[in-house]
Structures are given as C-alpha cells and as structure tokens.
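Please read this report with the sequence and the model side by side. It is meant for a reader who is meeting the structure here.

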Amino acid sequence: MADDYLVRIGRLIRDARQHRGWTQSQLAEALGTSQSAVNRIERGNQNISLEMIARIGEALDSEIVSLGYAGPMHLRVVGGRRLSGAIDVKTSKNACVALLCASLLNQGRTVLRRVARIEEVYRLLEVLGSIGVRTRWINDGVDLEIVPPAELDLAAIDADAARRTRSIIMFLGPLLHRMDHFKLPYAGGCDLGTRTVEPHMIALRRFGLDIAATEGQYHARVDRSVSPDRPIVLTERGDTVTENALLAAARHDGITVIRNASSNYMVQDLCFFLEALGVKVDGIGTTTLTVHGVPTIDVDVDYSPSEDPVEAMSLVAAAVVTESELTVRRVPIEFLEIELAVLEEMGLDHDRTPEYFADNGRTRLVDLTVRPSKLEAPIDKIHPMPFPGLNIDNVPFFAAIAAVAQGKTLIHDWVYDNRAIYLTDLNRLGGRLQLLDPHRVLVEGPTRWRAAEMMCPPALRPAVVVLLAMMAAEGTSVLRNVYVINRGYEDLAERLNSIGAQIEIFRDI
C-alpha cells in the first residue's frame with residue numbers, strides 16, 4: 001500500500017512538472033536537489049516527506065501537491081537522546097543577506113557560494129526578483145547567481161515579502177546611488193521590540209538621503225549635492241547601521257571614514273566582498289573604516305561568505321544541553337572566543353583543532369569537539385558587548401546552558417526591548433527562570449527538563465533555545481509554527497536528526 005501511495009504521488013508530481021513545461025533538472029534546481037532524486041520521486045522509488053511535497057507544490061505552483069503547504073510548519077521532538085558524530089556549520093545568515101543587498105551595487109554578475117537556503121534569503125530573493133533582478137540557484141542548488149537589470153523597477157516591489165524581513169532597510173545604501181527618489185516598505189522581521197531606524201537615517205543623510213516615513217513606507221529622496229565632508233560617526237555601533245553606511249560609501253566617489261563602526265563577522269564579510277568589487281576598505285576588523293569608493297561597479301564577481309558563528313554556538317549549546325559528545329566543524333573561532341572562554345569558566349570539557357581558513361581566505365576556522373561536562377554557574381553575569389565581546393545573538397543560548405549548570409546565572413540582554421521575556425518560555429519545559437525586568441532574567445539550575453507542547457516564540461534565537469530544551473526533555477514535545485526558525489536556519493531539524501536527534505516536521509492539513 002505504501003509503495004502504491006508513493007507511485008501515485010510521483011505521478012502527480014510528474015504531471016504537474018510537465019504541465020508547467022519543466023524538465024526534471026529544472027525542478028531539481030528549484031528544490032536544491034539532484035535530477036536523479038527527482039527521477040526517483042516521480043517513479044515512486046523514494047520516500048517523500050510532507051515537507052518535500054509542500055516544497056514541490058510551491059515550486060510548481062500546483063495545488064495538487066501542495067496540500068500541506070497552506071498550514072504552518074510544526075516540529076514533533078522526541079527528547080532525551082544523545083547527539084554524536086560531527087556536523088558542519090553553514091554559511092552566515094547575516095552575511096548572506098548583507099551580500100544580497102550589496103549585489104545591488106554591482107552592474108555585473110555576482111555569484112555567492114554556499115548561500116544559506118533560509119526564509120530570510122528567500123524573502124530577499126522575492127523582493128529582488130520583483131524589481132527586476134534575475135536570480136537563480138546554480139551548481140545543484142548550492143550557489144546563487146545574481147544579475148541586475150539596467151534599471152530597477154521599484155514600483156513593482158513585492159511589499160509583502162519586504163515587510164517580512166528587517167534586511168530590506170539595507171536596500172537604502174545601494175539604492176541612493178541608483179535613483180533620485182524611491183519608496184520602500186517598512187522593515188519587519190523578528191518581534192524584538194522597537195528598534196529605531198534613526199541611526200541609519202543619521203548615517204545616510206550624509207550622502208544626501210532624506211527619508212519620510214508615512215503610510216507604511218519609507219519615502220526617500222536623494223540630494224546629489226550632499227556628500228560626507230568629515231568622518232561619519234555612528235550613534236549606534238550596530239551591524240546593519242554599519243553595513244548601510246558601507247553600502248552608501250562604496251559608490252561614493254571619494255574617501256569616506258566611518259567611526260564607531262561594528263567590526264562583527266557579517267560586517268567583515270561585507271568588507272571582503274566590497275574589496276572583491278574593487279572598493280578598497282581600510283581598517284577591517286576595527287571600529288574605524290575608511291572606504292575608497294568608486295562611482296561605477298561593473299564586474300563579474302565570485303565570493304564565498306564565511307560560516308555563521310551564531311549557528312556554531314547553537315550547535316555547541318545543543319551538545320551541552322543534551323549532555324553529548326559532538327564535533328562542530330568549520331567554527332569561525334575569532335567570533336566565538338569570548339563565548340568559549342565563559343564556557344571554560346563554567347567547566348566545559350572541549351578541544352579544538354589548529355586554525356585554518358574559510359573559503360573567503362580571510363576568516364579563521366577550527367573544528368570544535370564538546371564533551372559532557374559538569375557545569376557551574378559563572379561568577380559574572382552573561383551580557384553582550386559589541387565585537388570582540390560576547391555576541392548579542394549568542395546570549396539566549398546561555399539561558400539553556402545556564403539551566404543545566406549548578407547555581408544561579410544572571411543574563412542581561414540590554415540591547416533588545418523584550419527578548420529576555422521569551423526566554424522564560426523555558427519554564428514550560430521545567431526551567432526555573434525568573435524575569436527581573438524586560439532585559440534581565442535569572443536562571444537557576446540544574447534543570448530536570450520535561451516535555452511540553454507550545455507555540456514557537458516570535459524571535460529567532462529564543463525559538464531555537466526552546467527547541468534545544470525539547471531535545472533534552474524526556475518524552476515527546478511539540479513546537480508549533482516554526483517559521484521564525486526557518487528564517488535563520490537551513491534544514492535545522494534534518495541536520496540535527498543526522499547527529500542523533502529525533503525531530504519530525506509536520507503541518508496542519
């Protein structure tokens with residue numbers, strides 16, 4: 001009966017593909033798989049998940065095979081299992097979205113290697129496609145090719161996709177060089193409280209950009225007579241603020257000095273990419289960047305973004321919380337040294353290989369092996385600082401780690417208005433977390449995790465923290481509506497399953 005079911009599903013997929021006029025290779029490219037895999041699916045010779053059926057339905061725009069796609073995605077987690085083996089860190093989500101925005105600077109062909117196939121990237125690709133940029137997955141769906149049109153059609157922008165990502169704000173820097181006036185939808189993304197865009201406006205005004213925010217849109221006008229006549233001092237050492245200033249400076253015909261700049265991992269990757277475009281950037285890795293802009297960029301460029309330190313921290317936390325021995329490969333160590341120093345203080349047993357370079361030739365990587373450890377709460381509070389301090393996006397993972405340590409840990413997330421509140425969702429799984437105020441939470445361990453069914457928090461990192469706790473809890477948990485996780489992680493459930501987790505993806509039908 002099961003084999004007959006697979007054959008019938010395969011025929012439906014074949015008919016839908018042929019109706020669209022696609023070859024098996026074209027469908028394989030859209031799915032990021034191989035032609036032979038599509039052939040096996042269509043012949044009924046390969047097990048196929050509801051999630052894959054949903055993806056095929058979306059790719060083929062076919063209601064016949066998209067029965068499970070309308071409902072949100074959920075995860076069913078059988079916890080209490082030990083992880084083992086090794087897992088590679090994927091490329092940086094935040095670097096990839098910055099590079100997609102930066103591709104608008106280039107009139108030539110841009111190829112980005114090993115791009116993270118995540119919802120945040122998909123939303124930006126939808127926006128780029130709607131304004132005339134041609135994008136396609138190449139090399140079996142691993143790499144991304146981007147070719148811009150001579151003129152962008154901002155009037156046709158996919159506003160729904162744009163509103164579902166905060167990254168749309170980084171279109172401002174490139175677009176101010178391409179048109180004198182334009183409109184963009186308000187930026188969206190995680191629900192992390194009010195995060196003002198004013199620092200972006202302060203930096204970009206120095207390039208003649210004036211913004212009026214009305215009716216759900218940014219109305220932008222550019223005064224070509226205005227250009228930076230002195231160093232730009234950022235009022236906030238933010239990552240996206242720095243990136244926007246870099247994108248504006250890249251095609252400014254002159255030298256721009258940016259002070260109080262972020263030197264975080266995604267900013268460094270953007271600087272390396274700008275250098276590949278022919279833009280000289282002095283001071284990479286420091287808080288003062290000097291950009292030697294060029295008015296026209298028309299080159300064919302091939303660039304490999306580096307690995308994601310926040311994903312690396314996620315995987316380390318997964319090993320710690322589940323008391324597992326796990327090797328995390330391709331860890332960008334420069335951006336995880338403070339976190340590892342704190343974990344060493346807490347008693348983490350681990351070792352690392354000698355350093356080697358990422359594919360960009362600049363970022364230093366190691367392979368990191370974590371072993372089950374008896375952890376003690378740190379003496380000092382856990383709090384983020386701009387790089388080279390503890391990364392703001394890694395703070396939530398310490399809530400799960402502190403929950404399995406002996407003692408009380410104070411976590412102070414001073415950047416976001418309410419992300420600490422979402423960490424208290426761990427109490428549904430047996431945690432003992434006390435919210436002191438919207439920015440501070442006190443975590444008491446060790447924790448005897450218990451299974452639960454709950455909605456996914458609306459913020460990316462706290463959502464993953466809840467998933468990790470479910471992996472440690474004996475019994476079966478359900479995490480509902482995990483779109484926010486898919487914004488930042490590629491095939492996270494499947495990858496965790498490859499190292500011993502038991503996570504099932506399902507949808508409401």
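The text below goes through strands, cores, single residues and charged pairs.

This is a predicted model, in which local features need pLDDT of at least 70 and side-chain atom pairs count only at pLDDT 80 or more, whereas totals for chains, interfaces and linings use all residues. Residues are numbered from 1 along each chain as its sequence is written, and side-chain values use heavy atoms, with hydrogens and water left out.

## Strands and hairpins

Helices (H or I, at least four residues) and strands (E, at least two) are DSSP runs numbered from the N terminus, and two strands pair if DSSP finds at least two bridges between them. Strands of a sheet pair through backbone hydrogen bonds, either parallel or antiparallel.

An open sheet is formed by three strands in the order β6-β8-β7, with antiparallel pairing. Its edge strands are β6 (181–185) and β7 (209–214), each of which pairs on one side only. On average, and with direction ignored, neighbouring strands of this sheet are turned by 20° against each other, where axes are lines fitted to C-alpha atoms, for helices over the stretch in contact, and angles run from 0 to 180 degrees between N-to-C directions. Strand β7 is joined to β8 (residues 217–222) by six bridges, and D210 has R221 in β8 as its bridge partner.

Strand β12 (residues 288–292) pairs with β10 (residues 255–259) in the antiparallel sense over five bridges, and it also runs antiparallel to β11 (residues 280–282), to which three bridges join it. In β12, T290 is the bridge partner of V257, and T290 also stands opposite D282. Strands β11 and β12 form a hairpin with five residues between them, and G283 in the turn has a positive phi of about 90°.

Another antiparallel pair consists of β4 (residues 134–138) and β5 (residues 143–147), held by five bridges, with T135 opposite I146 in β5. The hairpin of β4 and β5 has four residues between the strands, and N139 takes a positive phi near 55° there.

## Nonpolar cores

In soluble globular proteins, nonpolar side chains tend to be buried together. A nonpolar core is here a set of buried Ala, Val, Leu, Ile, Met, Phe, Trp, Tyr and Cys residues joined through side-chain atoms within 4.5 Å; buried means under 20% relative accessible area, exposed over 50% and partly exposed in between, with a 1.4 Å probe and protein chains only.

The largest nonpolar core has 152 residues, of which F171, F182, L184, L467, L479 and I485 touch the most other members. Helix α16 (residues 460–472) gives the most to this core, with eleven residues. Not counting residues up to four places away in sequence, F171 touches C101, L104, L124, V127, L128, I131 and L184, contact meaning heavy atoms within 4.5 Å. A second, separate core of 16 residues includes I9, A16, W22 and A59.

## Two single residues

R14 lies in helix α1 (residues 2–20) and counts as partly exposed, at 32% relative accessibility. R14 and I41 are 27 residues apart in sequence, and their C-alpha atoms are 8.8 Å apart in space.

D413 is found in the loop between β18 (407–412) and α15 (419–423), and it counts as buried because its relative accessibility is 1%. Leaving aside its neighbours within four places in sequence, D413 is in contact with P384, I392, V395, R419 and H439.

## Salt bridges

Side chains of opposite charge can pair when their charged atoms come close. With a salt bridge defined as a side-chain nitrogen of Lys or Arg within 4 Å of a carboxyl oxygen of Asp or Glu, the count comes to 31 salt bridges. The table gives some of them.

| Pair | N to O distance |
|---|---|
| R113 and D143 | 2.6 Å |
| E307 and R330 | 2.8 Å |
| R495 and E311 | 2.8 Å |

R113 lies in the loop between β3 (110–112) and α6 (119–130) and D143 in strand β5, so this pair ties together parts that are 30 residues apart in sequence. R113 counts as partly exposed at 22% relative accessibility, whereas D143 is buried at 6% relative accessible area.

E307 lies in the loop between β13 (301–303) and α12 (309–321) and R330 in strand β14 (residues 326–332), so the pair ties together parts that are 23 residues apart in sequence. Both E307 and R330 are buried.

R495 in helix α18 (residues 492–497) and E311 in helix α12 link distant parts of the chain, 184 residues apart, and both R495 and E311 are buried.
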